[in-house]
Amino acid sequence: MSLRVTNSLSGERESFEPADPDSVLLYYCGLTTSDPAHLGHARGWVHVDVMHRWLEWLGYDVRHVENFTDINEKIVARVGEAGDSEAAVAESYIGDIVRDMRSLNLRRAEVYPRVSEHVPEIIELTEQLLEQGYAYESNGSVYFDVTAFEGYGELSNQDIGEMEPQGTTEERAEKRNPGDFALWKAGGVEPGEIAEHRHEGAAPAGEAVETAETFDSPWGEGRPGWHIECSAMSTTHLEDTIDIHVGGQDLVFPHHENEIAQSEAATGDTFARYWLHVSLLEAADDEKMSSSLGNFETVTEAIERYGANVVRTFLLSTAYHSRATYSEETVDEAESRWDRLERGHERAVAAVDSVDARTKVTDETLRAAVTETRESFEAAMNDDFNTREALAALLELVTAVNTHVDATGEYDYRGLRAAVETLEEFGGGVLGLSFAGSEPTGEVGIADELVELVLDVREQERAAGNYDRADTLRAELGALGVEVQDTGDGTEYRFE
RNA sequence: GCCAGGGUGGCAGAGUCUGGCCGAACGCGUCCGCCUGCAGAGCGGAUCACCGCCGGUUCAAAUCCGGCCCCUGGCUCCA
């Protein structure tokens, strides 16, 4: 079975075949480093991460590049908050963002290029477009002429004729067509350009814009346009033609449309063979979460509240191309799903490593469930990275494990081992969830010994019929994060 | 207005491309049973969907076709 993906270019699910059968060139439009990352960003990240992991599982060598936009008016607007210059603000947020990425257990990209490091490549590409007649200079700025590129609007189905003129009066005067966009902007940043992005308490706009970076160019001092950076950086670090370009749904127009125009005009080749768009996360009140609305929960806060596994489970509980709703309820549900998965894994590990795991015990139902799970997981992932279905497959295996462990006093060693490996390979390796104990520390904690000591005392109280005291001990352990359960085989506990 | 994506149980959300295994997955919720001193976890069962509306094609439609209604997002800050 092979991978199929929904390609925004055609709007259809197509079978995926990279240009080079052994490797996949993947580019993801990363963040503008002007705010902390929020859950919406995490949604994109986690799905791209799982795509990356699944492509590797399929045997491809994945070359994943993801940029940081560190030259942008919105960053200038934050001067005085997170740093005292555009560069300092960007660096401060890059630091936070990378920390969030690690917390989310994201696999590292091959490289995280920054715009500020790629101005020479941007200028080179702009010059090339000028020479080829796709761009024109106007008062020290350079614009892309959308009428010169035949395929303009194909990704988003926009009609050039329908576009309303945008931008400042000055900018409009400089453009030949309303849809033309800047490749290079003359000068620095004007106070008026950052006005709408400023927070209370930021540095005065006049001072902030003084710190904005400007660069020499053949057209004078200026700053790169937003769209050109991704074209320049993906070509620099990957190839003229890449296999998969992923980005948020909100970037389809104009950003991705413009990337295609710039890159394809310059190289004459297809820019990206498959465009995958991650749908936006919406808050329960039906508003999408975004930096501009300020109604986000940051990644840092979410991880603090729920933990990375719950956040990942939540984000993966909806396929990347479907809308997702963020609310207390949907996160709670994710928490239950993860809990069930984790407990299932724990039980399977405990059973397979127990003295009751036997060579000659065979539970056909369990073994069939493993096979079935492996098949459905693979089918789900190959079906346009359907992570929700993939998760469902793992949860079905958990039921089989629980049934097996509940039903028999002697365990099917081989069956349980296959179950554990499947959970770790798919849930851990592919979905990026971290099962406790899957990485042994080699330490027997004193915590275990203390808990067992308390449980011994509690057992004596129970035997004596002092249930109030026993329950108090259980409650107090619970408050410390130790969950106590009495089962038919005695008392068990786990750290939450 | 133009473009894109949706409308499936109490919630959330797969399935629609490739019509039949959908008597609609997984999970949450509610109820009952087993287990249990109690609780929890687990297991089993039940509850809960005429799949937005109307019409058509077909032996067969959530799935294909036509029309309509409604929702969300994008239309140059956005993942």
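This is a predicted model: local features need pLDDT of at least 70, side-chain atom pairs count only at pLDDT 80 or more; totals for chains, interfaces and linings use all residues.
Residues are numbered from 1 along each chain as its sequence is written, while chains are lettered from A and ligands numbered from 1 in the order in which they are written.

How do domains 1 and 2 meet? Five residues of domain 1 are in contact with five of domain 2, contact meaning that the C-beta atoms, placed from the backbone, lie within 7 Å. On the domain 1 side, four of these residues are nonpolar, none is polar and one is charged. Here Ala, Val, Leu, Ile, Met, Phe, Trp, Tyr, Cys and Pro count as nonpolar, Asp, Glu, Lys and Arg as charged, and the others, Gly among them, as polar.

Now look at strands S1 (residues 4-7) and S2 (residues 12-15), which run antiparallel and are joined by four bridges. Strands are DSSP runs of E, at least two residues, and helices are runs of H or I, at least four, numbered from the N terminus; two strands pair if DSSP finds at least two bridges between them. Arg4 has Ser15 in S2 as its bridge partner. Four residues lie between the strands of this hairpin, where Gly11 takes a positive phi near 75°.

Finally, chain A averages a pLDDT of 90, the predictor's confidence in each residue, from 0 to 100.

Conventions
Two residues are in contact if their C-beta atoms, placed from the backbone, lie within 7 Å.
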